[in-house]
Amino acid sequence: MPRPGFVLDVDRSTPPVLFHHGEQFKLEKLPPGRSRIIYPGEPLDPLEDIDGAIHDALVNPTGDSEPLPALLRPGMKLTIAFDDISLPLPPMKRPDIRQRVIEQVLDMAAAAGVDDVHLIAALALHRRMTEDELRHAVGDRVYDAFAPHGLLYNHDAEDPDNLAFLGTTDKGEEVEINKRAAESDLLVYVNINIVSMDGGWKSTATGLSSYKSLRHHHNVKTMQHSKSFMDRHASELHSSNWRMGKVLKDSGVKVFQIETTINNNVFGTEGPMAVLQKREWEWNTKDRMSFMAMKAGLDRMSARSRRSIFQAYRAPHQLTSVQAGEVEAVHELTTANVLKQHLVPVEGQTDILTMGLPYICPYNVNSIMNPILVMCLGLGYFFNLYRGKPPVREGGVLIMSHPTPWEFHPVHHPSYIDFFEQVLAETTDPLVLEAKYEKQFAEDEWYRHLYRTSYAYHGVHPFYMWYWGAHAMQHLGQVIIVGGDVRAVRRLGFKPASTLQDALEMASDTVGRDASITHLHNPPILMADVT
Amino acid sequence: MKALRFERNVPRYAAAVAAGRMMPGAGAKVGPLRLRDVDPPDLPGPDWVRIRPRLSGICGSDLGTIDGTSSRYFEPIVSFPFVPGHEVVADREGTDGTDRVVLEPVLGCVTRNISPVCPACARGDLGNCERIAFGELEPGLQTGFCCDTGGGWSTQMVAHPSQLHVVPATMSDEAAVIVEPTACAVHGALAAIAGGVADTVVVLGSGTLGLLTIAALRHFTQAGTIIAVAKHPVQRELALSLGATTVVEPAELKRAVRRTTSSLALGDGHIDRLTGGADVVIDCVGSEASLAESLAVVRPKGRITMVGMPGHMHVDLTGLWQREITLAGAYAYGTEEIAVPGGTSRRARTFDLAFELVEAADLGRLVSATYPLARFTDAVAHAAAAGSRGGVKIAFDLRDEKERTRA
């Protein structure tokens, strides 16, 4: 029986706590008597018969939906869209769950005589997936059967000929999605729900949409009113996507949603990484030696070598649920399953929230975690991993640990470089930079070219990363990054600190000397349920 | 009199080259530049006068000479031994007392007593004089490179009256010593922008010449966006205060120009070069790298003007050919044609424009430090690393030299 997540009060006997620090790790001693640590739950028990569970979900759908086989007929247009490289994190060991689901959907389609099938990576404004990445997601068999015939491809949000405008929501939001998906008799969406933000109408209304459509919810106002964007019912981001979903439905787009959830088995139970999944006071001698050896080895390596090692890591994620059918009904179950793994009850807010940021976020798979992504992971994703209210009080301090190198992947993140060099040099205020620069970057012809033909994130993407942190920026009194490149941290508008102790000292200027401290022991992922 | 003299000395020259490669400015310690007690130069002609330098700047071309990095191109147009120093504000003793003057150092036909003057001098383009190795003076493109005239790095030198410009009483010595490099910048800026109008101008380098060029562009032309490239914080601040629209670090230039001009770029995320680019690039560095960078960011049919002194370099000029780029030099000064709104123009001597600009933009503030002659190695080292040490223009201060009052 896996143990749930919990909150540990730090006392003098509490051992140093693990902080992820990019591709490195730190052990930090938190001040006793005023610190606490939120630990994630242990990995939920996985489904034993994965293929059986998938089959069962497809033939016994949830909500107002017929079984998948009943929706398939000869001569129909079938489109299978699937989540892109940003999910899951880290990428999972083969076979990827998308492959398992898609293979069964295709088997059913073949049995029903469906021969007009397209597979589309629903990447919205993310970078295109490479052949290797597509093969990893859908498997070699599917890739070889479809890709050579142009039937398996990346969504292109800048291809006007292949976008369909479906109408506007009652709030005036334009809905435009991939034309093939919109005009299919059935759109099957295959998702991996790693956090509660994912899935639901966001899969199609965001994953298959265009800038014209996305801008209605990927903006500062929406993000500042999503408290948090991990909690669908308190998230304006989701409200907008759900309104768009209604437009999709009303315009006749028939969606069969397949959502999957995975457990917290990120680092496995074997190998040197396994220790990262254990609670520090339960480390045995072997764990300690293993950790120290790993840490010493990593510390001696070049940053490039460390990055290569970590980016090659494939996680042993295990499936905990699969549900299929009508989008909203499916997503209710999915969200409940995600929260079952992630939610940790937390009483009250803290003055200082600490977190160690790992080497990966949704936008640097096989890439570089640049400073903008550091900001997005910390102030966007991790800060928003709450329900109720943020674990840190308004005006409190966020301390993040990450090397934050002034380094960018030029192929993947070209507009990020300009955003960092030009926009952030002028302002870090999300509203100001949105008003002054977003349009210019969104419509830049070179970025558009690189997004469509190379492997670049869309020109506007760094703005979205910044908006993702807008709620946190509004909420927090100070942000400190420990161990980061000083110039890069300052460019982000944050304060650099050499050590956690220095950071706590700096934080005392804002929240006083006896401030309470809460450490978010993430990853594996947890979501604070703050009352 | 006391003078820093540059002598022809092959072993010392070799040592300077080696030292200069190790550390810019180190050539002063081991090279042919020596502090000497020498006789004052004779007056080359009856109309020449003696002047006593007050401040004399250290120019990039001086540093090139000291470290042995200057091209051998100059050999026939300099004469040894010479006293460097061509950025000079000095005292002139006249019958009506002493006045302060700024030296216009080009040694053209008039100073060489050549008559009739060459076509360039006749046009007023002194910097293009065709007789700089002829006439009654030894070869020397400017005072400071000619053995007959002395130079500003001494307590006494000679000058032809045609070379001297009276300094207004309200102008400080620091402002006055900036007039000569300002004239170079004014000439460069006006040469770079035909008709005085350009949407996007890049100024590569924000040392003295780069900063003055930015000021000149803002004051005398209709340049739209000026993108300055600066390495150091003080340079960045000054570039902005003198009129740059944007200041970027060297590695950021291609992206900044691309953004400004909405150009496309070649290179998959990396930018090798732009397909469009800036209308005008003014290279105030003059290195192989700066010329290559200029070629990468200038638009087809654009213009690159080299204001910084170049030398031998290996640069791929294919783009110059394929994109029909104009590569031009801008040296010294003379007479300028300035576009005036309404389509007309006016002619003015570059030095007169430089005086105007120095006062208008308060350019005397660019003088960051001064040294006595005895500390010339420190002065040269400081000048060679001025940017990284938070400075811009380094000069010799001769006002308190004891030797200055000797006959």
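Guide: Let us begin with a term: two residues are in contact if their C-beta atoms, placed from the backbone, lie within 7 Å. Please keep in mind that this is a predicted model.

Visitor: What makes chain B as compact as a globular protein of its length?

Guide: For 407 residues the globule rule gives 22 Å, and the radius of gyration of chain B is 21 Å, which is close to that value, so chain B counts as being as compact as a globular protein of that length. Taken along the principal axes, the C-alpha atoms of chain B fill a box of roughly 65 × 50 × 35 Å.

Visitor: How much of chain B is made up of buried residues?

Guide: A residue is called buried if 20 or more other C-beta atoms lie within 10 Å of its own, and buried residues make up 53% of the 407 residues in chain B.

Visitor: How many residues of chain B are in contact with chain A?

Guide: On the side of chain B there are 11 residues, and they are in contact with 13 residues of chain A. Helix α9(B) gives the most to this side of chain B, with 4 residues. By kind, the residues of the side of chain B that touches chain A divide into 3 nonpolar, 3 polar and 5 charged.

Visitor: Why is helix α15(A) called roughly perpendicular to helix α9(B)?

Guide: Helix α15 (residues 414–426) of chain A and helix α9 (residues 253–261) of chain B pack at an angle of about 90°, with their axes 10 Å apart. Angles of 65 to 115 degrees count as roughly perpendicular, and therefore α15(A) is described as roughly perpendicular to α9(B).

Visitor: Which residues make that contact between α15(A) and α9(B)?

Guide: From α15(A) come Ile417(A), Asp418(A), Glu421(A) and Gln422(A), while α9(B) brings Arg255(B), Ala256(B) and Arg259(B). Sorted by kind, the residues of this contact are 2 nonpolar, 1 polar and 4 charged.

Terms used. Residues numbered from 1 in each chain as written. Chains lettered and ligands numbered in written order. Predicted model: local features only at pLDDT ≥ 70, side-chain atom pairs only at ≥ 80, totals over all residues. Axes fitted to C-alpha atoms, helices over the stretch in contact; angles between N-to-C directions. Helix = DSSP H or I, 4+ residues; strand = E, 2+ residues; numbered from the N terminus. Parallel < 35°, antiparallel > 145°, perpendicular 65-115°, else oblique. Nonpolar A, V, L, I, M, F, W, Y, C, P; charged D, E, K, R; others polar. Rg over C-alpha atoms; globule rule 2.2 N^0.38 Å. Buried ≥ 20, exposed ≤ 12 C-beta atoms within 10 Å, placed from the backbone.
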